[in-house]
Amino acid sequence: MERKFQIKGIVASGMVLQQNKINCVFGTAGAYEDIYMTFRGMTSITQADETGNWKIEFSPGQAGGPFNMLIKSEKENVTFNDVYVGEVWVNSGQSNAQLPMERMRFSYPEEFELPENPYIRMITIPISWTFHGERDYVENPVWQAASPSTIGQMSGTGYFFAKKLSQELNVPVGIINASQGGSPISAWMSKSSLQEMGANEYIHRLEIYEKDENIAAKQKELTENQTKWNAELWQNSKNPCDDKTWQSVKIPGFINEFDSAGLIWLKKEIELSSEQVKNFNNNKTWLWLGTIVDADTVFVNDTEVGSTAYSYPPRRYVVPQGILKEGKNTILMHVQKNSKFGKIRFYEEKPYCLFTENIYVNPVVCRNVEKKQVTLLPLDGELIDLSGEWQMQVDVKVRDCPPGMFFEWVPTALYNAMLAPCFNHAVAGVLWYQGESDAGHPSEYKNMLVKMINLWRKKFVYGSKKLPFVVMQLPNWSDGNYEDSTIIKMDWPYMRQAQADACEIAGNCGVAVTIDAGEWNDLHPEKKQTGGTRAALEALRLAYEKKFICASPRFNSVENKKNKIIVSFDLGNSSLCVAEVSGKEVNLEKTHKKGPVYGFCFLAEKKGKFTVVETKALLEDNQVIVDIPRNAGNLTELRYLWADNPATVNLYSQELLPAMPFKVDL
């Protein structure tokens with residue numbers, strides 16, 4: 001059977017080709033059929049082999065565009081227009097690599113007002129999975145330039161990375177966004193690489209789902225279990241009653257009064273004047289309710305205004321005009337909890353308010369970075385704080401929701417389906433933002449990350465042999481438990497160290513430090529401008545030999561001297577500074593060459609018990625001088641920012657890049 005003419009990979013109109021490298025277009029046609037490609041005035045020709053496979057290797061030349069590319073067989077031809085030549089990077093990982101700009105519309109409203117930028121382009125690989133080897137195509141690939149109509153669908157990390165890179169290099173930058181929320185690193189690795197590591201647990205799980213009948217059986221089981229549970233949940237649900245079953249609760253905070261899976265109602269009543277109603281009806285109105293565990297549907301005056309099916313997204317709902325009225329208005333939340341374990345929680349330091357869009361409301365807790373200047377309220381602006389007392393009523397109590405499953409998280413699933421189609425596209429490097437899902441086993445992760453980097457370097461055959469990797473180090477976060485102080489055992493500090501160590505082992509890798517750019521109460525920090533820009537600085541230093549750009553300060557050595565420990569850092573051509581701290585706020589606009597440094601502590605052993613001992617530290621002459629506490633026992637480790645969520649970060653390079661967390665044996 002003769003194969004039809006087809007162009008594979010991720011080739012499409014609007015794409016970016018890697019400048020000054022050999023590129024490749026490939027596909028299928030009839031056996032021995034001639035294939036022609038014309039680009040920038042040059043024509044290349046090849047012939048399909050006996051099985052119909054063909055490829056054309058070519059150099060697209062220096063950066064520029066837009067251009068047209070014509071590819072034709074003996075019977076068909078295809079033209080790709082709006083093609084640019086520049087720098088191409090892969091952006092991959094889990095949800096923080098994936099998180100679209102639409103989620104950050106309120107953090108970066110100015111970005112949505114910019115005109116189309118043809119120098120920032122992105123292809124978002126559709127979420128898919130397979131256990132039957134490497135795919136070599138994406139169905140209907142779409143490359144888009146950044147514009148008010150497209151930016152919302154773009155990865156925030158990838159967008160800001162491309163924006164900084166394009167500004168500094170003055171060339172088009174294309175991002176291949178292959179990422180998926182919650183994905184473990186094993187999903188982005190090949191079966192052979194896992195076998196070579198002796199990762200038998202991963203191989204065993206994969207081999208189960210290499211059989212289609214097992215996938216079908218599991219899907220049937222999941223669907224039946226979920227359908228049955230949903231029926232139990234909703235068949236007994238009822239509208240709230242206006243009787244004595246309401247009880248007072250505080251929002252934000254924990255809802256301790258409900259210790260089961262099931263549904264509860266939450267109610268808030270507000271009084272509005274005629275002038276307030278007029279202002280709300282003359283402006284777009286938003287209702288913000290933080291984030292909710294696990295799901296919710298929200299009503300205003302008996303009209304549904306929004307619904308969210310899972311925990312993580314911030315609840316930001318539009319209230320249609322005409323819904324609010326003079327006098328009493330009722331906000332009802334129908335909240336679903338999927339397990340008796342844990343509690344329904346409305347996170348502190350999130351905004352809970354009803355407001356008109358002509359008022360700026362900061363959507364996140366801002367510490368250290370990305371502080372926004374708040375303007376005066378307009379005369380027709382309205383903002384009503386909804387925090388404080390609410391009323392709660394139990395609706396339904398049921399058994400725990402049966403466990404679900406994401407097939408795309410199974411080992412090799414995303415590597416085969418989403419990454420492999422990109423292997424023949426020439427790239428300059430990789431931006432990797434992942435690790436949250438693997439934080440429980442940092443030592444294993446370090447080895448897997450090294451293995452994955454080496455694997456990708458082999459598979460991206462039109463990239464350099466030592467393809468540059470920039471790894472986003474995990475930011476500060478504490479699963480909603482606000483902890484300024486360190487504890488003995490945590491996951492994320494060890495994971496950050498594993499990421500740094502893997503980069504050191506693999507070589508030609510950079511670490512973008514974001515220890516000050518997370519949110520203690522949100523797994524998905526919105527400060528992607530900080531993360532993406534810092535990653536771009538690492539790329540410029542690493543891949544483009546911009547020697548004037550220095551990495552974040554990194555621990556170098558310690559010296560014990562007169563009841564003090566002197567800590568030195570690798571600084572390159574930079575120097576250290578400390579930012580002023582007032583309470584829990586860090587002011588990066590006021591920095592000094594000398595002053596107190598927060599975040600240092602010791603691990604001490606006394607009478608067989610280990611404790612964390614806080615201490616004082618001072619920056620002086622580009623070194624940090626740490627006090628040795630008396631009578632603390634045997635000091636075994638010095639630690640810096642060694643916590644899931646070290647809230648006060650104030651040690652920076654002169655370029656305002658934070659010093660990397662570390663611990664060192666004493």
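Analyst: Two strands are taken as paired if DSSP finds at least two bridges between them. Strands (E, at least two residues) and helices (H or I, at least four) are DSSP runs, numbered from the N terminus. The model is predicted, so local features need pLDDT of at least 70 and side-chain atom pairs count only at pLDDT 80 or more, while totals for chains, interfaces and linings use all residues. Residues are numbered from 1 along each chain as its sequence is written, and side-chain values use heavy atoms, with hydrogens and water left out.

The open sheet has 5 strands in the order β27-β28-β35-β34-β31, with antiparallel pairing. At its edges stand β27 (554-561) and β31 (595-596); each has a single partner strand, so one side of each is left without a neighbour in the sheet.

Turning to the helices, the axes of α2 (residues 156-169) and α10 (residues 528-543) come within 7 Å and cross at roughly 45°. Here axes are lines fitted to C-alpha atoms, for helices over the stretch in contact, and angles run from 0 to 180 degrees between N-to-C directions. That angle makes α2 oblique to α10, the term for what remains once angles under 35 degrees (roughly parallel), over 145 (roughly antiparallel) and 65 to 115 (roughly perpendicular) are set aside. Contact, meaning heavy atoms within 4.5 Å, involves residues of α2 including F160, F161 and L165, and residues of α10 including A536, L537 and L540. The residues of this contact divide into 9 nonpolar, 5 polar and 3 charged; Ala, Val, Leu, Ile, Met, Phe, Trp, Tyr, Cys and Pro count as nonpolar, Asp, Glu, Lys and Arg as charged, and the others, Gly among them, as polar.

The backbone exceptions remain. Most residues other than glycine have a negative phi, and most peptide bonds are trans. The bond from I251 to P252 is cis, with omega near 5°, and P252 belongs to the loop between β12 (247-251) and β13 (253-255). A cis bond also links V293 to D294, with omega near 0°. N301 has a positive phi, near 50°, and is buried, with a relative accessible area of 18%. Phi of L641 is positive as well, near 55°; L641 is buried at a relative accessible area of 1%. Buried means under 20% relative accessible area, against over 50% for exposed and partly exposed in between (1.4 Å probe, protein chains only).
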